[in-house]
Amino acid sequence: MSIMEIKKMGEPVLKQICTPVEKVNKKIRTLLDDMAETMYKYEGVGIAAPQVGVPIRAIVVDIGKKRYDIINPVITEREGSIVDSEGCLSFPGVYGEVERAEKVKVEYTNRYGKRKFIEAEGLMARCLQHEVDHLDGHLFIEVAKNITTGSKKDE
């Protein structure tokens, strides 16, 4: 596994609509592992493939309970609405208030090519929505309100 370079604000790959993964293979699993290692190194809870320069529909999420390797995610249901603070590995030190669905249902393919479903709420739901947005070329900064800069630890 290796640490990958995180693409920052202004990189064209962050605005691309990502291509679906046609086949889950060893190359994809290695990418997911490298993405996870990168996410952990920079203390993130989610990372999308375009954030490491790969414009495919793959994300890794771990809010501290279990790592999810998610390929070709589709949010099939959204429920409720809540505003909370978000940050992004591609925008270090930038935080803003973003309105998201409180609960989501997501259909996806796992690292072994099996179709799965996840129902999430709270931080997990927020993280899934944030990362799926990356796959569609949408950035949290575009919808965030009350943007601040600095260390989240300063809050």
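The largest nonpolar core of the predicted model comprises 18 residues, and those with the most contacts inside it are Ile59, Val104, Val106 and Leu128. A nonpolar core is here a set of buried Ala, Val, Leu, Ile, Met, Phe, Trp, Tyr and Cys residues joined through side-chain atoms within 4.5 Å; buried denotes under 20% relative accessible area, exposed over 50%, and partly exposed the range in between (1.4 Å probe, protein chains only). Two or more residues are given to this core by each of β2 (58-61), β3, β6 (103-109), β7 and α2 (122-135). Helices (H or I, at least four residues) and strands (E, at least two) are DSSP runs numbered from the N terminus. Helix α2 supplies the largest share of the core, six residues. Leu128 is in contact with Ile59, Val61, Ile70, Val104, Val106, Ile118 and Ala120, its neighbours within four places in sequence being left aside; contact means heavy atoms within 4.5 Å. A second, separate core holds 17 residues, including Ile6, Ile28, Leu32 and Met39.

Residues are numbered from 1 along each chain as its sequence is written. As the model is predicted, local features need pLDDT of at least 70 and side-chain atom pairs count only at pLDDT 80 or more, whereas totals for chains, interfaces and linings use all residues; side-chain values use heavy atoms, with hydrogens and water left out.

Helix α2 has 14 residues and spans 21 Å from its first C-alpha to its last, close to the 20 Å expected at 1.5 Å a residue. The expected span of a helix is 1.5 Å times one less than its number of residues. The helix is mostly covered, with eleven of its 14 residues buried. Among them are Met124, Ala125, Cys127, Leu128, Val132 and Leu135, but the buried set also includes Arg126, Gln129, Glu131 and His134. His130, a further residue of α2, counts as buried because its relative accessibility is 7%. Beyond its neighbours within four places in sequence, His130 is in contact with Glu86, Gly87, Cys88, Arg100 and Phe140. Gly137, which follows α2, has a positive phi near 75°. In the loop between α2 and β8 lies His138, which is partly exposed, with a relative accessible area of 41%. The C-alpha atoms of His138 and Arg115 are 25 Å apart in space, the two residues being 23 apart in sequence.

Helix α1 has 16 residues and reaches 22 Å from its first C-alpha to its last, close to the 22 Å expected at 1.5 Å a residue. Its buried residues are Ile28, Leu31, Leu32, Asp33, Asp34, Met35, Ala36, Thr38 and Met39. These buried residues pack against β1 (46-48), β2 and β3. Val21 is found in the segment before α1 (26-41) and is buried, its relative accessible area being 10%. With its neighbours within four places in sequence left aside, Val21 is in contact with Ile28, Ile56, Arg57, Ile71 and Asn72. Val21 and Thr38 are 17 residues apart in sequence, and their C-alpha atoms are 21 Å apart in space.

Positive phi values also occur in residues other than glycine. Asn72, a contact of Val21, lies in strand β3 and has a positive phi of about 50° although it is not a glycine. This residue is buried, with a relative accessible area of 15%. Asn146, in strand β8 (residues 145-149), has a phi near 50°, likewise a positive value in a residue other than glycine. Asn146 counts as exposed, at 63% relative accessibility.

The second largest pocket holds about 160 Å³ of space. On a 1 Å grid over the protein atoms alone, a pocket is an open set of points where a 1.4 Å probe fits, with protein on both sides within 12 Å along at least five of seven lines; lining residues have an atom within 4 Å of a point. Grid points are joined across faces, edges and corners, and the volume is the space filled by probe spheres set on the points. The lining consists of Lys66, Arg67, Tyr68, Asp69, Tyr108, Asn110, Arg111, Tyr112, Lys116, Phe117 and Ile118. The elements that give two or more residues to this lining are β3 (68-79) and β7 (115-121), and β7 gives the most, with three residues. By residue class, the lining divides into five nonpolar, one polar and five charged. For this division, Ala, Val, Leu, Ile, Met, Phe, Trp, Tyr, Cys and Pro count as nonpolar, Asp, Glu, Lys and Arg as charged, and the others, Gly among them, as polar. Ile118 of this lining is also one of the contacts of Leu128.
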